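Dear colleague,

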Amino acid sequence: MKIKPTILHSRVFAGMTTLAIGIAAFVLATPQAFGAFGITKNGSSYIVNNGANLVFTVNSSGDMPSCKYKGTELNDQSKASGIASGFGASSITVSTNGGNVLIIKCISSNSEFVNCTHYYIVKSGVDTIYMATYPTVEPSVGELRYIFRGQYNVLPNGPAPSNNNGNTGAIESSDVFGHSNGQTSSKYYGNERAKDLTVKGATGSSVGVFTAFGTRESSSGGPFFHDIENQGDGSGSDQEIYNYMNSGHNQTEAWRVNVLHGPYAFVFTSGSTPSVPDFSFIANLGLTGYVNSSGRGRVVLNGLSGMDTSYTYYMGFANSTAQYWVALSGTGSGECYNMKPGTYTMTIYKNELAVWTGSATVTAGNATSFHTITISGDPSATSTLWRIGDWDGTPNEFLNGSKLITMHPSDARMSNWGPVTFTVGSSSTGSFPAVQFRGDNSPTTIKFNLSSSDASADHTLKIGITCAYNNGRPSVTINGHTLSNPGPSSQPSSRSITIGTYRGNNTTFTWDVPAGDFVTGQNTLTITPISGNGDLGTWLSASWAYDCVELDGTSSGGGGTTYYKFQNHATGLYIDGMGWTTNGSDCAQWSGSASYNQQWAIVTAGSYVRLQNRATGLFLDGMGRTSNGSNAGQWSDSSSYNQQWTEVADGSYTRFQNRATGLFLDGMGRSSDGSLLGQWSDSNSNNQQWSIQAQ
């Protein structure tokens, strides 16, 4: 529909110029009367009435100094809402579309924005201010954002992590604050991944203001990027509600300019959280840079092979003008709609980790189809001697990992960071630190056991990280042998971990470790951050966030040791080393778990087998005990017949007879976790039958 010019005729009214919009539609009333949709020009400012509950002002700079909902002033009266800290408009034009849509177009003369265009759009009777922004250059401040500067006393109920009111002073830079209870807050905290952004804001008594973030197609950083969303500014006057279109906050890719950011919106309610508004009508408004649906295409993926069903997978697309993403189904199918034409880098993500990369070319009005894609880059597929965490592009499973986006590392709600000593097979994943700080919790020590055969082979060590600060990277020592120090990874230069994000450039450091660095039995590995730079403090020290740490098979590509679990036919419990590392320790039984205590290597010894526990490194041992009901034990590697067992097939199960004692491993009918593993002479009991399960 053609956009009509705004000023058709005017009349002087009480010292103000009232503009009539659309001759056939209506002549506007003053905006103070709710229900009168239109605009009134007051000097160099424009006062807009949406014909329902909303009246707001756009001044000559293109900023919004006043916004009233049901007569209540929401905007801070000391600072206007707007792009950055002042848009500096050189021209403002007003137009309509169909008599029920009002468009205010502001073009900036400010040297910071260089002909940037910003739109305010109002639809009759809808309590929403729709917006869109077209930058020709990145603002010199290094970020593009619209800030609704609400009054804190009117909108006191914002997200708690970003409420700085009542703070006792800044603890980092001028934007992270401490509180008397030891907690922390910042405008950076409580943010969501770009893919999860829908609406977010603050409320008060019978009023709410919410950002509706839009598609993010012109923003930067991809589906998992975090940025500022809210701030109770700490002075007690402002409740700031943001739409960050881009920034330098640990930004991982170039900003997109000469493209339209949006549409996005600020939605006003009586306090309830709104649904995402309908933006479809904006297609007809002729906004600079808007690409209609007829000029867009789509990508269809029919399936994905090699998925881990524990995770959600996404396909993402990026080029210099746009970014898109979509979650895939459980079979790996999905469809990404409304994409601008062009050639994109196409990425398949397992959670936040890229596991496949290719390209896709999109043409207007068409679908680009991919048949089944086979994942070829998931490091989780590698056989390992041990693995801490999993490869998913996040540190969330580790100590304090889930808290990083809501608080500072020094926050009293954080668990003590360490230093940590982690014992493979007995320590929980949640005890391993999510972040390694040179200034606080270093080194991290990992203890692990190797059999004689594993210790006599070369292996590959991998440390995966999601981001790093101050060129932090790991220096590793194994049993006193220092491995070669790697160079820094490619990461953004800004703060990261302390400003509510672990999202940077995923990087894996890899070392080929010769057999001479290992020992049979317990091995000790230490990880310490190094950097070519000095640190700025405890938390602004050389550091990184972990994704995963693992020891693979031989560096030549060997698959490592295969481990097995043994489940008793009668009790359902598994043979468990219980983390006991002392020679002569008993062996027990426990219900099924992922613990390495239940995993055993089968080591051949002529016609016999020996069973070595993955966690403790000890071997299952008959202990020379010949009485029915005697306990089975554990002992370090020896040539004793007490460690040698005959595998006796029994239908689909296996029985294990000790070479020295002649007794069979027996669950003893004990069904309680932690009950001891026994031995008994030959019988037909299910207690002597074991299911062997490869891991």
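Please keep in mind while reading that this is a predicted model. Within strand 26, Val326 is the bridge partner of Met315. Both strands belong to an open sheet of four strands, arranged in the order 26-25-28-29 with antiparallel pairing. Strand 26 (323–327) and strand 29 (353–362) are the edge strands, each pairing on one side only. Neighbouring strands of this sheet are turned by 20° against each other on average, if direction is ignored.

For the chain as a whole, there are 53 strands and one helix, and the C-alpha atoms fill a box of roughly 110 × 55 × 45 Å along the principal axes. Of the 695 residues, 55% are buried, and among contacts with a separation of 6 or more, 65% are between residues 24 or more positions apart.

The largest nonpolar core has 45 residues, of which Trp386, Ile446, Phe448, Leu461 and Val549 touch the most other members. Several strands supply at least two residues each to this core, among them strand 32 (384–389), strand 36 (459–469) and strand 41 (543–552). Apart from its neighbours within four places in sequence, Trp386 is in contact with residues including Val424, Ile446, Phe448, Tyr596 and Arg614. There is also a second, separate core of 39 residues, which includes Val58, Cys106, Met131 and Leu144.

With best regards

Notes
Residues are numbered from 1 along each chain as its sequence is written. This is a predicted model: local features need pLDDT of at least 70, side-chain atom pairs count only at pLDDT 80 or more; totals for chains, interfaces and linings use all residues. Side-chain values use heavy atoms; hydrogens and water are left out. A nonpolar core is a set of buried Ala, Val, Leu, Ile, Met, Phe, Trp, Tyr and Cys residues joined through side-chain atoms within 4.5 Å. Buried means under 20% relative accessible area, exposed over 50%, partly exposed in between (1.4 Å probe, protein chains only). Contact means heavy atoms within 4.5 Å. Two strands pair if DSSP finds at least two bridges between them. Axes are lines fitted to C-alpha atoms, for helices over the stretch in contact, and angles run from 0 to 180 degrees between N-to-C directions.
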